[in-house]
2 protein chains.
Amino acid sequence: MSRIWNFSAGPAALPEEVLRQAQEELLDWHGAGCSVMEMSHRGKEFMSILDQAEADLRELMGIPANYKVLFLQGGATQQFAQIPMNLLAGRSADYIVTGSWSKKALKEAQRIGDVRCAATTESSGFNRLPTAEEIKLDPFAAYLHVCTNETIHGIEIPAQRIADTGVPLVADMSSHILSRPVPVEKFGLIYAGAQKNIGPSGLTLVIIRDDLLGMAPLTIPSVMDYAVMAENGSMLNTPPTYGIYMAGLVFQWLKKQGGLAVIDAVNAEKARILYEAIDQSAGFYHNPVDPDCRSRMNVPFTLAQPELDAAFLDESKAAGLVSLKGHKSVGGMRASIYNAVPLAGVQALVDFMNDFAKRNG
Amino acid sequence: MSRIWNFSAGPAALPEEVLRQAQEELLDWHGAGCSVMEMSHRGKEFMSILDQAEADLRELMGIPANYKVLFLQGGATQQFAQIPMNLLAGRSADYIVTGSWSKKALKEAQRIGDVRCAATTESSGFNRLPTAEEIKLDPFAAYLHVCTNETIHGIEIPAQRIADTGVPLVADMSSHILSRPVPVEKFGLIYAGAQKNIGPSGLTLVIIRDDLLGMAPLTIPSVMDYAVMAENGSMLNTPPTYGIYMAGLVFQWLKKQGGLAVIDAVNAEKARILYEAIDQSAGFYHNPVDPDCRSRMNVPFTLAQPELDAAFLDESKAAGLVSLKGHKSVGGMRASIYNAVPLAGVQALVDFMNDFAKRNG
């Protein structure tokens, strides 16, 4: 068996160490005589897995005691609706649109209620953050929604740009959660689909401040009411147990790496060498994003000669570098370099890119 | 490693053969160099897994071409709301209540719209089906909802009791889907959480007739609109890919067993020997359900001397027979004997029960 370097945007690479442990425990978890997949979610074995996962996540992210951690289903896309269903309470909300995902969040929220676009950089092709002057906030908004890392356009909001605006801040962190320390206390609600930096798809993480619970009308589905799910410890109904188990293994792996400060430094170095390869290619490769907000997780780039795209993809794949095709809406290439892609994988990509440019430049 | 006999109501036993294949493929699926969990859901590898799973399910259940198969999230509990959100279209719907789960479905639907109880057997302790005279149907109902197998009360609606009432029939089959052939064409919508007879929790199956698509208002979440999910082949957003893979392995295992007619006969024999052990115990064990509608998947029973419950549970566990404690709402014991629990497992339980009765009777 030969493992590839996997640059998929999600579902995405998982740490090999985590997969090996899952493999070993697949038919018999800790002597229970059955797989985690086969366990009652209300039994003491699974409850210990769930409790450990939550405790490890709280430790990793430094989640304050006045926040609940919910393990849900439906992905970020379900959250796009669930957030306004819970938090609008008859009011309006503001959305800052910095790429495809925040645009989708806004569009979905518009099905549910009265929400408005407080700023968008679409006219510039989503290659920068809006300036302070461009952002028109409603001081009476129920919340302000941002996507702190845009998976498709490769834009990340630096932590120092997260300011208190006086209304609860709601953030889609799907594609960079756990990649760096986050000041959780600045947010009212943080959510993330698991399939990038947490675990397999089908698990959705919501971290919500206590005062935002209990605002939903009684007419929304029970499973979508954050307060109901919080009261039931994410177990109103059967949660995605195996996804939670895998996420727990990833959290333990992150702790073993040294936590988010250490993984942050590794991610910074991975991104540095990849952007350097792009920027120093004398125009052979190009990333359009303002260097102030380039994502360290999703690095889109184009070739100056698009007729070389097919050769780039074929040859990189042959070299064991997989899933580099860019999203269809932007074209070109994209390397997603989540936590589980080690520096060696990014170095292998950089070496390939330099060689490819030399041979075709 | 020693595998237990697992009588959990769900998440529940999976075929050992399926788990072994999953274990073998965990780090490298068919030479792809990565786990199924790490694959892009839109790549050709995962698309082949999804397509094969759907084709195998269609073959196993004989699903007509005018039905869509959807692989969703949120469990049956989310469907309890999603069904009226999609199908009511301003009308009312009828619910037949035969146990805890159909009662929950009714209660959840009442959050969403105008639905009514067309019959309930709650006053008799949910130990029988309602008679034809007891069922008061609204001929103008948007649909009629039934739960064809009640996991907690151990009641199963026999196929011959499924009659055409002139309105679309919607059925929660979570705990007995794939346990026997089903006349799919008699139903408008069939749904099931995966964690009993299909695969790991976090995957929800919906089988819906084409004419019931497109009735949802534009104000419900996109991921909950059956028509939108059908148009997108269950991929509006990232589906629970690993759950779909595991379900696909279970479908292939079922085909290898000989399909639903063969598994039907095995299940009939498993249920026969277990109910026989209960009924011939001279009152030591008791199952309260009318023999005409006893579930072949979930067999609740009580001991005449409840002071022996703890010893029964301790000794059965020591004998490798696990998760036999009854649901807290009914007490006593429950043996869930889904497809993946072989006749040998049920025989081991019966032998233990006979021996326990002899020693304590």
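Start at the interface of chain B and chain A: 30 residue pairs are in polar contact there, both residues at pLDDT 80 or more. A polar contact is a pair of N or O atoms within 3.5 Å; within protein, one must be able to donate a hydrogen and the other to accept it, and residues adjacent in sequence count only if both atoms are side-chain atoms.

This is a predicted model, where local features need pLDDT of at least 70 and side-chain atom pairs count only at pLDDT 80 or more, while totals for chains, interfaces and linings use all residues. Residues are numbered from 1 along each chain as its sequence is written, chains are lettered from A in the order in which they are written, and side-chain values use heavy atoms, without hydrogens and water.

Next, select Arg3(B) and Glu38(A). Their side chains form a salt bridge, 2.7 Å from N to O. The rule (a side-chain nitrogen of Lys or Arg within 4 Å of a carboxyl oxygen of Asp or Glu) finds two across this interface.

Now show the whole contact (heavy atoms within 4.5 Å). Chain B gives 62 residues and chain A gives 62 residues. The two chains bury about 4700 Å² between them, 54% of it on carbon and sulfur atoms. Buried area is the accessible area (1.4 Å probe) lost on being put together, summed over both parts.
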